[in-house]
Amino acid sequence: GSSTPAFLSPNQTSIPWENAMSVMIAAFMRGVTRLNDLIGRWVALLIFAMFVFLLLEVGFRYLLNSPTVWTNELTQMLFGIYAIMSGGYIMAHRGHVNVDLLHSHLKPRKRAALDIVTSVVFFIFTLALLWFGIDMAQESMSSWETSYSAWNPPIWPVKLAIPIGTGLLVLQGLVKLLEDIAVAFNLDYYTPQEPKSEGDQL
């Protein structure tokens, strides 16, 4: 094993049949985490676009006395996509805020067991959001919905991002659940990451 989040090495060449399932689970976990990491890094670039558009609006409004009809609305749409698409990345990097009154005082296996129990709430919420998000996106795309504002841009891409981003979050939540199961039951397809420093914990 390694000191980093260690799913089974993809370079293993001799795999007993009894370990095949562990290898498949590890490959799934590794693939989902890498996908969310890649998407999160690209989505983060939207911050720079939003910054530029807001600066443009300030310049046009206060320097040229000619406010635009599109910069604020476009920035809001980009922020919506940024927020919903970054959920899986944040979960992969343990960026969500936790209430650690009990959690931080437990040993790793008990902490993992508690996370398994509380994951029920997570999946109820995210699966409900995924279900309604799909319905909302289908309805929006069926009419190629626009904002009906003065600029009137299409808003169906923003609504389409809701089920996509939620699906990525659900997949990363499943990875977290598999990690917790491995820790709680001492399974060998995952090795927990050692914390880098105390400052990393909220």
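**Helix H7.** I started with helix H7, residues 156-184, in what is a predicted model. H7 has 29 residues and reaches 42 Å from its first C-alpha to its last, close to the 42 Å expected at 1.5 Å a residue. The expected span is 1.5 Å times one less than the number of residues. Helices here are DSSP runs of H or I with at least four residues, strands are runs of E with at least two, and both are numbered from the N terminus.

**Ground rules I noted.** Residues are numbered from 1 along each chain as its sequence is written. Local features need pLDDT of at least 70 and side-chain atom pairs count only at pLDDT 80 or more, while totals for chains, interfaces and linings use all residues, and side-chain values use heavy atoms, with hydrogens and water left out.

**Whole chain.** I counted seven helices and two strands. Along the sequence they come in the order β-α-α-α-α-α-α-α-β. Of the 202 residues in the chain, 33% are buried (buried is under 20% relative accessible area, exposed is over 50%, partly exposed is in between, with a 1.4 Å probe and protein chains only).

**H6 against H7.** How do H6 and H7 pack? Helix H6, residues 108-142, meets H7 at an angle of about 160°, and their axes are 8 Å apart. That makes H6 roughly antiparallel to H7. For the record, axes are lines fitted to C-alpha atoms, for helices over the stretch in contact, and angles run from 0 to 180 degrees between N-to-C directions. Angles under 35 degrees count as roughly parallel, over 145 as roughly antiparallel, 65 to 115 as roughly perpendicular and the rest as oblique. The H6 and H7 crossing is left-handed (the near helix is turned anticlockwise from the far one by less than a right angle; clockwise would be right-handed). I sorted the residues of this contact into 24 nonpolar, seven polar and five charged. Nonpolar covers Ala, Val, Leu, Ile, Met, Phe, Trp, Tyr, Cys and Pro, charged covers Asp, Glu, Lys and Arg, and the others, Gly among them, are polar.

**Met136.** I looked up Met136, which is found in H6. Met136 is partly exposed, at 36% relative accessible area. Met136 and Lys159 are 23 residues apart in sequence and 6.8 Å apart in space, C-alpha to C-alpha.

**H1.** The 24 residues of H1 should span 34 Å at 1.5 Å a residue, and the end C-alpha atoms are 34 Å apart, so the two agree. Buried residues in H1 include Ser22, Arg30, Asn36 and Asp37. H1 and H7 pack at about 140°, with axes 10 Å apart, and are therefore oblique to each other. H1 passes H7 in a left-handed crossing.

**The core.** Which residues make up the largest nonpolar core? There are 11 in all: Ala26, Met29, Val32, Ala112, Val175, Leu178, Ala182, Val183, Ala184, Tyr189 and Tyr190. Such a core is a set of buried Ala, Val, Leu, Ile, Met, Phe, Trp, Tyr and Cys residues joined through side-chain atoms within 4.5 Å. The largest share of this core, five residues, comes from H7.

Most residues other than glycine have a negative phi. Trp144, in the loop between H6 and H7, has a positive phi of about 45° and is exposed at 53% relative accessible area. Asn186 has a positive phi of about 55°. Asn186 lies in the loop between H7 and strand S2 (190-191) and counts as exposed at 62% relative accessibility.
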